Amino acid sequence: MDRAEYRGQPAQPPSRPAARYRVAHEIPTLQGSLRKLRSPSPMRSPPSRAHSAGSARPHPSGLRLGIDLDGVVADFNQGWISRYNDHFDAALRPDQVVTWDGLVPITHFCDMEEFWAWARAGECSVFRELPLYDGAMETLARLARVHRPVVISSKYDWAIPDTLEWLAEHRCPAREIHFVWDKTSVDCDVYLEDAPHHLTALARARSDRVICRMVRPWNTAVPGTVDVRDWAEFAAVVGDVAAAART
Ligand SMILES: [Mg+2]
């Protein structure tokens, strides 16, 4: 996990119009971007070893969906706070984390170094125990029937084995998993992300793609991104993008 992962200058998300209006408002821009997506095919990944071994891609017309994990699929704050309350007989609540750098101040830890040392201690790290957000894996499974989920997550090395076990336990249908610090290095058609710094980087480096901000208390609107408040809204955006790509 990059040290900046829980730092920044977020604030409560501003009151915004309904998502459908927001998405529709964005579509003219997205359609311009989608013209670039159509050539080459949105499913641009090179043939993989698995593919050449006979495991053909089932949906060659699908979109590559770059999916962040923590704060998007996995409820990191609920997870670490549950562990923290158990360990220290505390009564923290996830809704107390309202800024990007708002984790340490509600704990007794001095800094993130101390937090991560605690978070990785024990039989498994906190990343092995995170709960799912409502609708996350169900929606990913539905999208995977047509599209190609690509997990893109920034993690310390020590967190990777627990994250892989967590993904397997929850039957994540991702066909690719990337643990990278620079998420712009993974080419996708649609991204779903909650971290302000990743959203800014993606909007800058992948301006011809569709970048969705999962609206959370710790992020704010980022120019060049589309707001989604939950997984149903993300699925609707993917549907709009796919439909625009077919026209
Ligand atoms: Mg995240």
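Q: Which handedness does the crossing of H5 and H8 have?
A: In this predicted model, the crossing of H5 and H8 is right-handed. H5 covers residues 136–144 and H8 covers residues 231–246.

Q: Why are H5 and H8 called roughly parallel?
A: The axes of H5 and H8 cross at roughly 15°. Angles under 35 degrees count as roughly parallel, so H5 and H8 are roughly parallel to each other. Their axes come within 9 Å.

Q: Which residues of H5 and H8 meet, and how many of them are nonpolar, polar or charged?
A: From H5, Ala136, Thr139 and Leu143 take part, and they meet Trp231, Phe234, Ala235 and Val238 of H8. By class, six residues in this contact are nonpolar, one is polar and none is charged.

Q: What makes Asp75 partly exposed?
A: Asp75 has 19 C-beta neighbours inside 10 Å. A residue is buried with 20 or more and exposed with 12 or fewer, so Asp75 falls in between and counts as partly exposed. Its place is in the loop between strand E1 (64–67) and helix H3 (76–88).

Q: Which residues does Asp75 contact, leaving aside its neighbours within four places in sequence?
A: Asp75 is in contact with Leu130, Pro131, Leu132 and Tyr133. Leu130 is 55 residues away from Asp75 along the chain, yet the two C-alpha atoms are separated by 5.9 Å.

Q: Why is Trp158 called partly exposed?
A: Trp158 has 13 other C-beta atoms within 10 Å. Exposed requires 12 or fewer and buried 20 or more, so Trp158 is partly exposed. The residue lies in the loop between strand E2 (148–153) and helix H6 (160–169). Residues up to four places away in sequence aside, Trp158 touches Arg120 and Ser125. The C-alpha atoms of Trp158 and Phe127, 31 residues apart along the chain, are separated by 10.0 Å.

Q: Why does Asp89 count as exposed?
A: Asp89 has 7 other C-beta atoms within 10 Å. The limit for an exposed residue is 12 or fewer, so Asp89 is exposed. Asp89 is found in the loop between H3 and helix H4 (112–119). Its phi is near 50°, a positive value in a residue other than glycine.

Q: What makes Arg171 exposed?
A: With 9 other C-beta atoms within 10 Å, and the cut-off at 12 or fewer, Arg171 is therefore exposed. Arg171 sits in the loop between H6 and E3. Although Arg171 is not a glycine, its phi is positive, at about 55°.

Q: In what order do the six strands form the sheet, and is the pairing parallel or antiparallel?
A: The order is E3-E2-E1-E4-E5-E6, the sheet is open and the pairing is parallel. Neighbouring strands are turned by 25° against each other on average, direction ignored.

Q: What makes E3 and E6 the edge strands?
A: Strand E3 (176–179) and strand E6 (225–228) each pair on one side only.

Q: How do you know that E1 pairs with both E2 and E4?
A: Two strands pair if there are at least two bridges between them. E1 and E2 have four bridges, and E1 and E4 have three, so both cases meet the cut-off.

Q: How many bridges join E5 to E4 and to E6?
A: Four bridges join E4 (residues 190–193) to E5 (residues 210–214), and four join E5 to E6. Tyr191 has Ile211 in E5 as its bridge partner, and Arg213 stands opposite Asp227 in E6.

Q: Which residues of E1 and E6 are buried on each face?
A: In E1, Arg64 and Gly66 point one way, Leu65 and Ile67 point the other way, and all are buried. Both faces of E6 are covered too, with Thr225 and Asp227 buried on one side and Val226 and Val228 on the other.

Q: How many helices and strands does the protein chain have, and what share of its residues is buried?
A: The protein chain has eight helices and six strands. Buried residues make up 36% of its 247 residues.

Conventions: Residues are numbered from 1 along each chain as its sequence is written. This is a predicted model: local features need pLDDT of at least 70, side-chain atom pairs count only at pLDDT 80 or more; totals for chains, interfaces and linings use all residues. Helices (H or I, at least four residues) and strands (E, at least two) are DSSP runs, numbered from the N terminus. Axes are lines fitted to C-alpha atoms, for helices over the stretch in contact, and angles run from 0 to 180 degrees between N-to-C directions. Two residues are in contact if their C-beta atoms, placed from the backbone, lie within 7 Å. Angles under 35 degrees count as roughly parallel, over 145 as roughly antiparallel, 65 to 115 as roughly perpendicular and the rest as oblique. A crossing is left-handed if the near helix is turned anticlockwise from the far one by less than a right angle, and right-handed if clockwise. Ala, Val, Leu, Ile, Met, Phe, Trp, Tyr, Cys and Pro count as nonpolar, Asp, Glu, Lys and Arg as charged, and the others, Gly among them, as polar.
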